[in-house]
Amino acid sequence: MKLTTGLASVATLAVMAVSSATIASAQDTLEIVKERGHVRCQVGPPSPGYYNLDAEGNWYGLDVAVCQAVASAIFGDAGALEIQSVSSQARFTSLANGDSDLLSRTATWTMTRDTQLGIDFLSPNFYDGQGFTVRVDSGITSAMELAGAKVCVTTGTTTELNLTDFSRVNDLDISNVTFEDYNVRDDTYLNGGCDAVTGDKSSMAGNIASFPVPADHMILPETLSKEPLAAAVRHGDSQWRDVVQWSIFALINAEELGITMANVDDMRANSTNPNVRRMLGVEGNLHDGLGLEADWAYNIIKNVGNYGEIYEAYMGGGEQGIGIERAGSLNALWTDGGLMYSPPMR
Amino acid sequence: MAIVTKEKTAERPAPISETSVFGWMRKNLFSSAFNTLLTLFTLYIVYLTLSGVFTWGIVDATFIADNRRECYDNSLTGACWAGVIAWFDNIFYGRYPRDEIWRINFGLFLLVLWMAPLWMAKVRGKVLIGATVVGLYPFLAGYLFAGGDKGLFMQVMISAAIVAFAINMGNMLTGLFKNVGLNTFLINLAGQSKASDKTRRNVLLGMFGIAFVAVYIWQMGWTAERVGWTRWGGLFLTLVISGIGIASSLPGGILLALGRRSKLPVVRILSTGFIEVFRSVPLITVLFMATTMFPLFMPEGFVLNKLVQVIIAVVLFNACYMAEIVRAGLQAIPKGQSEGAHTIGLGYWGTMGLIVMPQALKHMIPNIVGNIIGLLKDTTLVSIIGLFDLLGMLRSISKDVPWLGLHKEPLIFGAILFFIICFSMSKYSRHLEVKLSAGEKH
């Protein structure tokens, strides 16, 4: 743990050193990517829902889909992609020094990161928050009833800090039982080593699904922290930033317009809705400003699907999904009361 | 009256209490009431452990399932090996394209075949065989695994490797069946056995040249599909990193150790400084510096891939440890040996190569093998910097949605794999020690 923190501080120093210097290549990432023929997209060590390896060795997940969307927008091929798995200590260094073109991994958008590390965050593609899991038969229904409880938590992240803050603010005298590995944390909880587990609600939903009897456990309604998870690019390259940002917006906009992977061909050929026609490149010249082909958004939807489809596949009830309810959450479309909102594409 | 038998009494077997299993048990396990109690108690503990492991790992375990939920449906308390089995390809080959896996197997097969003659008493030219394994095989295997366009240098090295392999195999066959080296066999075949040394050498060189040109032309029409290093992983990656580490850290270590004992101040100070710096830093720090800090100091656009950076870091790190082992071995050789070598007119390299090093290396075997085993296990650290080596793959199973949370079984499987590899290495080193010290037993 000490080692990890040490490494993290070395990495942060390195990032700061780089960000103060101007990176010559930062001006034209899009040109570099086009010349290279593929996008170098950074994810982290496998994390359920966001980026995983399947038994065939392929990457899948919500953040991987963002990488694939960007690759589709530029090359029309979701496979024109090199997925790099980078440890969380090295993630921002690896972006800043030009190893990665794009960072698409559960990174929380915070002010320090956005303003001091030489990177720019894009609009969040998932809103997460910290919560508690307890056993149903414990009778606890609110986090306020956790007074004096032992709570299992992983170290080295803000999770532990948030828990301590929460305990102090509400005078609950919670004792932290800390772990490096979340599998061990869950095992301890299952064997009765602690009364509750705390972590990001999204990952806890997945974890509960992997418990022997999922119905014996539940997530408490309280949310301890705001965790807007967003992709990031190097600071100062607006052209590249636009490409990535509008690839993500295209996913959300497509869902709003009802364009899916299945009907995108039909929509492009027959739709009379001007919004759809503009987005899919049938009329107008939206693509000019991005420096991409007219069918960039069509390729995204054709290869990856819209945001709703991606969510269903990896976060929702799909075969590879971790089963998080979307309706009523922050991740629903704005038309359904959520925060997923794309500026108009016109 | 003296009772003297002239006949020797017939030999009788040792009393049954000495030889039978029961006798042994009585002597070693049940010699007193207290020891009997201890034995029974220990047996009980062993029984508890083994039966628990057996029930969890075999009796209650699930071997065939599509996801972890099915394992639970089968048994809530047993192991779920199905997840490990479903991930076998990932565990052994990483993300290597499934259609191309034969290339890895073929590469391994080549290596085994290439090294097999080293264990055959009848085959000649073992030093040369060993040298080609270290010097040429990596190029052939490297291309086989990575594929893509061959540069001129690679074309030459690959052709040389193929020719060397063919010669090696031919040499093995002639050694086994005719009991002669390939060179003698070919000379005889060409009817030049009575010719002068020079003619014979020219005939052999000519044959080698023809073979090389033929192979060179043949390989130009053959390319393997490119497989990027990011798709390498699993046990394969672990073996590649540690294989290169092992093959280069020993020569590197020997050079560094000689440098440290050198009489030339610059060489000595540089070697000492290098060794001390790398030895005082943890491997994970070296790896981390190599992969994140190194690119910062490189000219714009210069990209060395992460695998190469990692391998360089592992080699340098282990060469330093190896250097100290070699230095210890060198110091154990009495000064009289090198003085003796000087009196018969050997220079520095002659003394080291023929007199000192062979004796020293023999003493170093246990330490060298210990270091190699350590190296193999150290390579698991690369999973921290994002390479999917064996450990990285095993840990990823618990994140794959169908097998979410499945982490004990993969790690146990990994432990068994590592045990098999490391234990066979240590057994082999023991065998090597006995064989090499045969001269000391009288």
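Leaving aside its neighbours within four places in sequence, with which residues is G78(B) in contact?

**View 1. Surroundings of G78(B) in the predicted model.** Beyond neighbours within four places in sequence, G78(B) contacts W56(B), D60(B), A61(B) and E409(B). The residue lies in the loop between helix 4 (68–74) and helix 5 (81–86) of chain B. G78(B) is buried, its relative accessible area being 16%.

**View 2. The salt bridge between D101(A) and R36(A).** The side chains of D101(A) and R36(A) meet at 2.8 Å, N to O. The pair links distant parts of the chain, 65 residues apart: D101(A) is in the loop between helix 4 (91–96) and strand 5 (102–103), and R36(A) is in helix 2 (residues 29–36). D101(A) is buried at 2% relative accessible area, whereas R36(A) is partly exposed at 25%.

**View 3. The salt bridge between R279(B) and E324(B).** Here the N to O distance is 3.8 Å. R279(B) belongs to helix 14 (residues 265–279) of chain B and E324(B) to helix 16 (residues 306–331), 45 residues apart. E324(B) is buried, with 13% relative accessibility, while R279(B) is partly exposed, with 30%. Salt bridges with shared partners join R260(B), E276(B), R279(B), E324(B) and R327(B) into one network.

How values were computed: Residues numbered from 1 in each chain as written. Chains lettered and ligands numbered in written order. Predicted model: local features only at pLDDT ≥ 70, side-chain atom pairs only at ≥ 80, totals over all residues. Heavy atoms only, no water. Helix = DSSP H or I, 4+ residues; strand = E, 2+ residues; numbered from the N terminus. Buried < 20%, exposed > 50% of the residue type's maximum accessible area, 1.4 Å probe, protein only. Contact = heavy atoms within 4.5 Å. Salt bridge = Lys/Arg side-chain N within 4 Å of Asp/Glu carboxyl O.
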